[in-house]
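Please open the model in your viewer and follow the selections below in order.

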Amino acid sequence: MTWSLRGKTAIVGAATAHLGEAPGYSHMEIAADAARAALADAGLSLKDVDGLFAVSMHSVFPALTCAEYLGIQPRFSEATIVGGSSAVIQMQTAALALENGLCDVALIVYGSNQRTASGKLHSPSGAENLPYEKPYGLRAPIAGYAMSAARHMYDYGTTREQLAEVAVAARMWAGMNEEAFHRDPLTADDVLGSRMVCDPLTVRDCCLVTDGGGAIVMTRADRAKDLRKAPIHLLGCAGGHTHRQYSMMPSLTTTAAVQSGREAFKMAGLSPADVDVVQVYDAFTINAVMLLEDLGFCAKGEGGAFVGDGRLRPGGALPFNTYGGGLSCTHPGMLGIFTTVEAVRQLRGECGERQVDGATIGLAHGNGGMFAHESTALLGTAAAL
Amino acid sequence: MPDAKPVPGGPDATYFAFLEAGDWRIQRCGSCDTHIFQPRVMCPSCGGEDFQWVAPSGKGIVHSTTVIRRRPESGGDYNVCLVDLDEGVRMMSRVEGMEPTEVAIGMAVAARLAEQDGQTVVVFDPAPTRAVGASA
Ligand SMILES: [Zn+2]
């Protein structure tokens, strides 16, 4: 079968809202402000939106809540919750819906007030009964990632210093991003010497807990040409998942990003060597190591040495999480939308001091649960078509 | 009564009814002999629907481990780990009888039933290291 979504749709609007702390704002207000900004970015308005893609950590019926608040009655709605992977894989569904005429303007939107509302990573899944894990007090999600990190170290000799380099590089990028929550310099010693949370991960191996929202607007490529900004085309998008409960993860050191990456690259007709900017969901430093392996940027087991040589830093060989990522920029619970917004901004050349010169192909990768769901999108400028 | 179904309901209820009776059992598929954990209404390997409820050997190897750091006044640090049972299934648990920081990947462990908050849970103790070539 040769039919493909490659280049059929494009991102025409992208925005963030209320990153950091938004005291007194509800999650829906934050999401709506992101939606408003993304539509303004596209030169469209809410009345144009007939496809809604919404997820939330705070709502049982995110599509219903969001559409009601925005005052729209979409023709197509989708709210598949696969954790922080959701917004990236929703681009695949949006492309399918747009291409088949089920909607003409798709809005993917997310917002959370988890920092000022509770100060903790909020999750409706906390109410779910998991009787085979609950008695042991698994501190989710960090304990799962910690056990993957421990196993990766055991199997491949990955070191805590290599993990720390991921956080150091993220902070260097964040230093060039006014939206970033933490911008002061961070050293490997700072990471290694900070408070241990779940061995071998310290608090600086962990993402932030912030407020914030993000949104993107997609249309079919023919309509995208006439909008306010140069369209960023969806060249490939794919997902996969391996488990729900961490103890059911088939291999602690290999994720469904093997599948999502392979399929997304295949759809796009690209390989990792073609990618100019990489935005990968860095909930924890180990994410960068394992997901870069699984996406094919290096071989399984070599991720520690790969990230450890400084290549993720500004000026390095692999521009990675150029906004500072979940580790230093923002982490309002589900990061997928923010990986995508940054990829779009880089491909449009909007990133100022942190701009990667001449970026034409970007990768946005979402990760959900404890390495449970993985989704990969390849985006490109018109030059990449 | 290894194959008896002790309570009405599905495999989850059966599992916990055995456990509460102090009798830890897991499913083994009657069609393909695969051990199954967590309990299922059909075998994930072959789709089979006939099971025996068998007592695991209790022997296992720590597949990965972490220390959940916690303030002393909240109870202090504790271990969470994944154990690969000799039967070929993996479960979440903890190793007791040693410092949580001393629990190591590759360690041989043995299961024990413990009471916790009014329910029976499977925990593990360090076991003598097995000879090279022993099943793991
Ligand atoms: Zn079977």
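**From the chain interface to the domains**

Begin where chain B meets chain A: one finds 1 salt bridge across this interface, a salt bridge being a side-chain nitrogen of Lys or Arg within 4 Å of a carboxyl oxygen of Asp or Glu. The model is predicted, so local features need pLDDT of at least 70 and side-chain atom pairs count only at pLDDT 80 or more, while totals for chains, interfaces and linings use all residues. Residues are numbered from 1 along each chain as its sequence is written, chains are lettered from A and ligands numbered from 1 in the order in which they are written, and side-chain values use heavy atoms, with hydrogens and water left out.

Select Arg69(B) and Asp199(A): they form a salt bridge whose closest N and O atoms are 2.7 Å apart.

Next, select the whole contact region, where 30 residues of chain B are in contact with 25 residues of chain A (contact means heavy atoms within 4.5 Å). The two chains bury about 2400 Å² between them, that is, accessible area (1.4 Å probe) lost on being put together, summed over both parts.

Finally, colour chain B by domain: domain 1 covers 11–54 and domain 2 covers 59–126, with bounds from an automatic or database domain assignment. Their centres, taken over C-alpha atoms, are 22 Å apart. Here 10 residues of domain 1 of chain B are in contact with 11 residues of domain 2, and 0 salt bridges are found across that interface.
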